[in-house]
Amino acid sequence: MAVMSYLEAIRETLRQELRRDPRIMIYGEDVGVRGGVFRVTEGLQAEFGEDRVMDSPLAEAAIIGTAIGAAVNGLRPVPEIQFADFIFPAANQIIQEAARIRYRSNGDFHVPLVIRAPFGGGVHGALYHSQSVEAFFAHVPGLKVVIPGTPYDAKGLLAAAIQDDDPVLYLEHKAAYRSLKGEVPSERYVIPLGKADVKREGTDVSLITYGLMVSYSLKAAEALAKEGVSVEVVDLRSIRPLDVEAIVATARKTGKVLIVHEDNLTGGVGGEVSALIAEHALFDLDAPIMRLAGPDVPAMPYSPPLEHAFMVTPEKIQQAALKLARF
Amino acid sequence: MADNGLTPELMKEMYYYMVLSRAVDDRMWILNRQGKAPVVYSSNGHEAAQVGSAFALNRGEDWICPYYRDLALVLAYGMSVRDVMLHLLGRAQDPNSGGRQMPAHWGHRQLHILTGGSVVATQDVHATGLALASKVLKDGRVSVAYFGEGSTSQGEFHEALNFAAVHKLPVIFFNENNGYAISVPARKQMAVMDVAARAAGYGMPGVIVDGNDPLKVYEVTREAAERARSGDGPTLIEAKTYRFVPHSSDDDDRAYRSREEVQEWKKRDPLVMFEQRLTEDGILNDDNLTAMRQQIKDLVNDATDFAEQAPLPDPGTLYAEVYGS
Amino acid sequence: MIDVVKMPQLGESVTEGTIGKWLKQVGDPVEKYESLLEVMTDKVNAEVPAPVSGVVAKILVPEGTTVDIGVAICEIAVEGAEGAAAPAGSPAAEAVAVGPAADAGGGAGLAEGRGRYSPAVRRLAEEHGINPAEVAGTGAGGRVTRQDILQAIDSAVPASPPPPAAAPAERAPAATGPAAVLAGAPAVIDEGDTVEPLGAVRKVIAERMVRSKQTVPHAWLMVEADVTGLAGLRERIKDEFKQREGVSLTYLPFMLRAVVEGLRAVPALNAQWNGDSIVAKKRISLGIAAATERGLVVPVIKDADQKNIVGLAKSVRDVVQRARTGRLTLEDLTGGTFTVDNTGAVGTVLTYPIINAPEVAIVTLESIVRRPVVIGDMIGIRSMVNLCLSFDHRVVDGAEAGQFLQVVKKHLEGIGPDASVY
């Protein structure tokens with residue numbers, strides 16, 4: 001088994017999938033010759049040609065809208081939105097078209113489509129290159145939203161998304177691309193969408209999280225173990241559909257839950273997870289459900305002190321979890 | 001008119017679909033006024049543009065992406081009158097949507113009619129994407145987006161034309177310009193006279209055609225389809241026409257159009273003009289016209305009764321078809 | 001016959017219409033789809049066609065009058081029986097929101113200390129008859145934590161008497177206080193003996209067993225059944241079944257199916273004792289006695305009569321697995337109407353089960369053993385099983401109990417090697 005970065009795991013999965021199924025096609029801004037602004041698709045056009053790895057005009061609604069048409073006519077497109085922050089011109093195509101086509105045609109049509117988009121902050125990207133956009137899309141029935149937190153999961157979830165017959169938004173954390181490394185099997189495997197994963201078992205406090213915050217939470221858990229606090233870390237992996245069973249199970253187990261995400265606090269995934277716990281595990285709760293999330297400001301500022309003040313860090317997670325453990 | 005591949009039999013069939021569409025249209029308004037159909041959108045006046053273009057395509061193989069004005073188009077493309085009525089009345093067996101969408105939101109996978117939503121111009125990029133797949137898979141299909149001139153103010157119209165031209169995709173952008181987006185006249189949508197003028201900016205041919213003449217529409221569409229199939233890329237067609245009725249059964253066009261203007265256009269009713277021409281050419285006569293009218297009347301009555309008696313959707317199916325798995 | 005014409009809805013948001021002009025008068029003939037009147041609304045002015053052919057019999061609303069949609073405006077006399085097509089109904093059933101009701105109150109702050117208890121602490125204290133005020137709190141500000149309560153439960157029976165209030169009815173598995181029923185002659189503790197305080201589950205089991213044995217007059221019956229056909233069926237299809245359904249095929253689902261038949265035939269056994277009345281249960285939900293590391297639990301298969309063998313097999317696997325991994329929910333443990341005990345799993349051939357009160361009977365499925373049996377004038381080797389039934393003699397008589405066992409036996413014996421499991 002090879003050690004790969006999160007980015008390499010995604011690239012190798014794309015390569016493996018392009019080899020496996022001739023209907024798969026990648027396109028977007030700069031994905032061809034340049035191999036993407038983050039180099040995720042580097043070398044793929046050289047191997048598969050311009051018909052299958054194509055540079056498109058700079059127009060997000062057209063990228064997603066054409067992908068919908070292409071999917072209906074037999075391709076399995078994997079378009080890239082260069083930064084998640086740029087997805088909003090295509091929001092109508094994603095929410096009102098891709099996600100509704102199966103329902104509005106009563107199952108006559110469906111749209112096998114994976115939209116890849118780098119998201120998240122901590123990389124000096126400022127307001128329009130740092131956003132977490134998942135909560136907007138997690139609100140939409142008909143759409144699936146997947147966010148891997150490790151290189152291993154990045155591969156299995158991407159393969160699952162590509163073979164899924166419904167539109168999937170696959171969000172990749174920019175800060176994870178090169179900082180996260182891990183063992184990734186070379187053979188193809190899929191991780192079912194909608195299934196969370198307990199990344200670390202514990203008994204005192206549960207951290208429920210996803211994306212880059214998985215690795216940050218594991219760091220916090222490691223530090224807290226030295227103080228005698230046993231922390232369970234649950235990686236949601238899919239935020240639509242949510243794994244209700246796993247969420248309720250960890251809440252019942254520890255009775256103390258801290259939900260961590262980088263996306264804004266209000267209306268974020270944390271609110272939904274809290275509601276599920278309140279509905280299903282009230283009599284097992286031993287403390288208020290807590291959320292640690294990005295602050296309710298329009299987006300992440302540029303200058304380092306401001307950016308740091310915005311970001312959720314392992315230290316902040318550790319502090320919040322300790323407070324909860326001592327409640 | 002030589003060499004266009006149209007036999008007398010095909011021209012008679014074109015006329016049949018135009019008359020059929022008008023008859024179905026009329027019945028839909030009656031059902032609305034009876035309180036049975038909540039809302040109706042007509043193709044009344046657009047029949048020549050729609051039927052003429054449909055006949056130029058490889059029906060059932062080429063993809064069409066219609067909008068709400070396209071009743072005559074989908075009938076000519078193979079949708080049955082019963083299917084139209086099931087859709088109008090929101091019945092469970094409506095093949096367009098199982099009773100989920102508003103009337104005139106066409107979609108039928110088997111007939112290669114792409115399902116559409118209500119936000120205008122979204123289908124322009126879908127047609128471009130269908131054509132992208134045709135180019136990659138080399139399936140020989142052409143895709144056609146149909147849209148009103150109001151929707152050409154939308155970004156997706158321009159994005160679609162640009163994308164299709166850059167990648168030389170086998171797609172036709174077919175504009176039915178009736179001069180009004182509900183109440184807003186074309187001069188308030190654009191500062192140029194013709195939608196077709198847009199084509200030059202994207203590097204594709206823009207063609208203006210009399211949308212009330214089915215044979216001329218047929219010819220330009222056929223030419224555009226040949227261009228597309230031979231790898232020369234997209235064409236923008238602007239069919240100039242007029243709608244004879246309000247935008248919908250909820251609209252009253254007296255607020256924005258003079259009766260004189262409507263009457264002036266009605267002199268050029270495509271049904272009347274085409275009937276006159278085919279009669280002069282000896283293709284239509286009293287006998288076959290009478291038979292055709294009776295056939296259409298029976299078909300519309302049958303479809304109305306069929307749909308009215310068809311079951312409504314079971315509320316238990318509300319949660320069906322959100323995801324495949 | 002008379003057809004009543006109503007004000008139609010002309011437009012989506014329109015709620016009323018004004019009669020503009022009657023185009024037909026009383027006595028005029030009118031054809032279906034022919035214009036009958038003009039209606040003005042704030043969105044459109046439209047001619048309204050006649051819904052049927054006939055003669056205008058009565059005009060109910062004069063010109064210039066505004067009425068709500070659906071109000072009768074005119075009557076048309078229709079000749080003969082040929083009326084309008086029956087209008088298709090519009091069962092506009094309201095969409096029902098799914099998901100449990102969430103009415104939890106406002107979240108507590110993190111600054112609380114003694115005197116207020118979390119939901120987990122309250123529940124555990126109530127279930128185990130512990131007064132949380134007497135437990136030493138180790139949380140913030142001396143708060144009693146869930147951990148504190150669990151330790152108190154584990155360490156000893158609390159000194160204070162249990163609170164008098166019983167658990168709410170719907171939380172049935174919660175035990176009442178461990179008080180009197182557990183008392184008995186004291187044990188003699190010799191040197192080397194170990195003394196293990198009662199755990200929570202053991203206390204509940206003890207309390208229930210004592211209550212059942214002390215209050216329910218148990219009577220007992222047994223029959224034996226020839227299940228050679230069933231054994232053959234299982235042997236033939238078990239590998240394929242496991243592969244296709246992902247569940248091992250045991251004898252228990254067949255037994256559950258047979259019990260359902262028995263309860264349908266003799267509903268007296270699908271009942272509960274209620275002090276001064278007997279409750280005949282409508283649903284048939286079967287408790288399955290399951291051994292776990294922490295003791296006996298009885299998860300319930302709801303509406304067992306609605307399931308086929310495959311459904312029962314999957315349900316059994318599901319609840320037993322969750323019982324063994326401690327993931328049963330309250331819902332799983334309540335609502336039983338009759339209990340089946342698969343005692344054969346521990347190798348017995350004859351047992352005397354204790355009734356799971358307030359249910360009125362319990363049946364066992366003993367080990368299936370091959371033994372020589374007289375059939376006609378011959379001796380054959382057959383697969384035989386004993387079925388033992390304990391029943392509450394206040395509610396059920398011996399005849400009914402025997403009849404029930406006969407139905408179960410007949411059903412099991414009727415399963416041939418080519419029966420269907422679907």
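**Close-up 1. The loop of chain C that holds C:P358.** In this predicted model, C:P358 has its place in the loop that runs between strand 15 (338-341) and strand 16 (361-365) of chain C. The peptide bond that joins C:A357 to C:P358 is cis, with an omega of about 10 degrees. As background to this view and to the two that follow, most peptide bonds are trans, and most residues other than glycine have a negative phi.

**Close-up 2. The cis peptide bond between A:R240 and A:P241.** A:R240 and A:P241 are joined by a cis peptide bond, for which omega is about -5 degrees. A:P241 is found in the loop between strand 12 (238-240) and helix 10 (244-254) of chain A.

**Close-up 3. The backbone at A:N106.** The loop shown here, between helix 5 (101-104) and strand 5 (114-119) of chain A, is the place of A:N106. Phi of A:N106 is near 55 degrees, which is a positive value in a residue other than glycine.

**Close-up 4. The packing of helix 9 against helix 13 in chain A.** Two packed helices are described by the angle between their axes and the distance between the axes. Helix 9 (residues 212-225) of chain A packs against helix 13 (residues 314-325) of chain A at an angle of about 55 degrees, and their axes are 8 Å apart. Helix 9 of chain A and helix 13 of chain A are therefore oblique to each other, and helix 9 of chain A passes helix 13 of chain A in a right-handed crossing. On the side of helix 9 of chain A, the residues that meet helix 13 of chain A are A:Y216, A:S217, A:K219, A:A220, A:A223 and A:L224, while helix 13 of chain A contributes A:P314, A:I317, A:Q318, A:A321 and A:L322. Divided by class, the contact of helix 9 of chain A with helix 13 of chain A has 8 nonpolar, 2 polar and 1 charged residues.

**Close-up 5. The two domains of chain A and the contact between them.** Chain A is divided into domain 1, covering residues 2-184, and domain 2, covering residues 197-325. The C-alpha centres of domain 1 of chain A and domain 2 of chain A lie 26 Å apart, and 26 residues of domain 1 of chain A are in contact with 25 residues of domain 2 of chain A. On the side of domain 1 of chain A that touches domain 2 of chain A, helix 6 (134-138), strand 6 (144-146) and helix 7 (151-163) of chain A each supply at least two residues. That side of domain 1 of chain A has, by class, 13 nonpolar, 10 polar and 3 charged residues.

**Close-up 6. The contact between chain B and chain A.** Chain B gives 35 residues to the contact and chain A gives 36 residues. Helix 5 (122-137) and helix 6 (155-166) of chain B each supply at least two residues of the side of chain B that touches chain A, and the largest share of that side, 12 residues, comes from helix 5 of chain B. The residues of the side of chain B that touches chain A divide into 15 nonpolar, 15 polar and 5 charged.

Close-up 7. Strand 6 of chain B pairs with strand 7 (residues 235-240) of chain B in the parallel sense over 5 bridges, and B:D210 stands opposite B:K240 in strand 7 of chain B.

**Close-up 8. The antiparallel sheet of chain C.** An open sheet of 4 strands in chain C has the order 1-8-6-3, with antiparallel pairing. Strand 1 (2-6) and strand 3 (29-30) of chain C are at the edges with a single partner strand each, so one side of each is left without a neighbour in the sheet. Strand 3 of chain C pairs with strand 6 (residues 54-59) of chain C in the antiparallel sense over 2 bridges, and C:P29 stands opposite C:V55 in strand 6 of chain C.

Methods: Residues are numbered from 1 along each chain as its sequence is written. Chains are lettered from A and ligands numbered from 1 in the order in which they are written. This is a predicted model: local features need pLDDT of at least 70, side-chain atom pairs count only at pLDDT 80 or more; totals for chains, interfaces and linings use all residues. Axes are lines fitted to C-alpha atoms, for helices over the stretch in contact, and angles run from 0 to 180 degrees between N-to-C directions. Angles under 35 degrees count as roughly parallel, over 145 as roughly antiparallel, 65 to 115 as roughly perpendicular and the rest as oblique. A crossing is left-handed if the near helix is turned anticlockwise from the far one by less than a right angle, and right-handed if clockwise. Two residues are in contact if their C-beta atoms, placed from the backbone, lie within 7 Å. Ala, Val, Leu, Ile, Met, Phe, Trp, Tyr, Cys and Pro count as nonpolar, Asp, Glu, Lys and Arg as charged, and the others, Gly among them, as polar. Domain bounds come from an automatic or database domain assignment. Two strands pair if DSSP finds at least two bridges between them.
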